[in-house]
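Please keep the sequence and the model in view while reading.

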Amino acid sequence: MKDCCWVVLPSRETARFFLLFFLIALYMLAGAAMFSCLERPAELQAHQLWQRRLMDFTRKHNIKHEDLKYLLCHYEKARTAGIRAEGSRALWDIPGAFYFVGTVVSTIGFGVTAPSTTAGKVLLVFYGLLGCSTAILFFNLFLERVITFLSLLIVWCHRRKVHASSGHESSAREDGRNKERKPSVFQVTLILFCAVMVVTCSSAALYSAMEDWSYFESMYFCFVAFSTVGFGDLVSGQKQHHEHTRAYQMANCLLMLLGVCCSYSLFNAISVIVKQGLNWILGMLDWMFRSICTHRPRFRPLFTQCLADVESLVCHREDDVLHRQQAQAVTSLGHNALWHACVPSTMVKCLCDEAQVKTVSNKNIEESFQNNTSGL
């Protein structure tokens with residue numbers, strides 16, 4: 001009998017795509033649950049505190065709540081144009097505009113500075129389209145240069161090792177192999193991670209001194225900025241006295257560029273590792289599926305017997321009249337009649353090989369009952 005598994009299997013790329021989509025969705029659901037448990041109580045507490053302060057302020061200064069709310073709505077709109085309650089540097093002079101386009105091209109997008117005119121918004125669409133594409137190309141070339149540098153470094157270290165151990169003859173034979181020697185993805189990831197940590201720790205020390213942040217807040221800002229997430233809760237170089245510190249502004253831009261390049265390269269290297277993990281999961285699933293298809297005929301007789309027993313039991317349960325007759329026969333004839341009474345009188349259709357198994361008919365059951373009765 002032929003074994004046919006009518007299963008439509010997707011290609012490996014499609015399976016990897018859907019598996020990655022499922023894992024990302026699961027990862028996002030888990031993150032949403034964790035952040036909701038951590039941040040939701042603080043949000044409710046902040047709302048209660050704000051409402052209490054509004055009520056206290058309106059009672060103390062004899063101001064209507066609607067008037068105060070109207071003023072606050074206008075202030076929220078003014079923040080988009082760069083108006084701050086505390087002193088801040090100019091947003092749209094040449095240094096401020098350069099800082100803005102840097103956040104656009106690097107895809108950070110803090111949100112502190114945004115165009116308010118219609119012409120500026122239209123310009124941002126086309127400017128960001130070309131600028132972001134060019135920046136991504138630059139980040140990819142940066143990663144290629146890093147891999148090339150690591151390859152040359154590994155070849156140089158290997159040559160030094162071979163020359164010190166075996167001399168010039170073995171080193172000459174190794175020249176062909178050294179040309180093809182490349183670093184593994186794990187080596188690249190480790191080196192990029194160390195580079196990101198060095199840049200982050202150095203930048204955090206600078207921001208902690210210049211922005212009056214704690215070192216932990218500076219580390220948090222560096223990760224948000226270098227990963228191009230850009231929440232905008234902490235933004236560097238926005239205070240009023242920073243307008244006159246040109247050296248800090250230049251250092252801030254250079255650190256942003258270097259940090260984004262290293263972080264982007266690290267993310268690319270980690271994505272390769274994730275892709276290898278997905279291939280391993282798909283390989284395990286494929287091995288399990290093939291094992292089930294290979295060993296399925298061995299378990300077929302067991303499944304056939306189990307399904308036949310279950311179907312015979314269901315048939316006897318559904319036929320109430322036959323069940324009563326068999327119960328009476330069991331009571332009068334004893335244990336030998338019990339075995340024959342449990343045999344179904346219908347045709348059992350196997351679900352595995354579709355073979356029809358004939359069972360004992362009702363006439364044979366009655367004859368067996370009479371024989372057992374005469375024997376007793």
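Helix α7 (residues 185-210) and helix α8 (residues 215-226) pack at an angle of about 125°, and their axes are 8 Å apart. Axes here are lines fitted to C-alpha atoms, for helices over the stretch in contact, with angles from 0 to 180 degrees between N-to-C directions. The angle therefore makes α7 oblique to α8, a class left over once angles under 35 degrees (roughly parallel), over 145 (roughly antiparallel) and 65 to 115 (roughly perpendicular) are set aside. The model is predicted: local features need pLDDT of at least 70 and side-chain atom pairs 80 or more, whereas totals for chains, interfaces and linings use all residues. Residues are numbered from 1 along each chain as its sequence is written, and side-chain values use heavy atoms, without hydrogens and water.

In the contact (heavy atoms within 4.5 Å), residues of α7 including Val-199, Ser-203 and Tyr-207 meet residues of α8, among them Tyr-215, Met-219 and Phe-226. The residues of this contact divide into 10 nonpolar, 4 polar and no charged.

Helix α7 itself has 26 residues and reaches 37 Å from its first C-alpha to its last, close to the 38 Å expected at 1.5 Å a residue; the expected span is 1.5 Å times one less than the number of residues. Its buried residues (under 20% relative accessible area) include Leu-192, Val-199, Ser-203 and Tyr-207. Just after α7, Asp-212 takes a positive phi of about 60°.

Ser-265 touches Leu-192, Phe-139, Phe-142 and Leu-143, not counting residues up to four places away in sequence. Ser-265 is buried, with a relative accessible area of 0%.

Definitions and conventions. Helices (H or I, at least four residues) and strands (E, at least two) are DSSP runs, numbered from the N terminus. Ala, Val, Leu, Ile, Met, Phe, Trp, Tyr, Cys and Pro count as nonpolar, Asp, Glu, Lys and Arg as charged, and the others, Gly among them, as polar. Buried means under 20% relative accessible area, exposed over 50%, partly exposed in between (1.4 Å probe, protein chains only).
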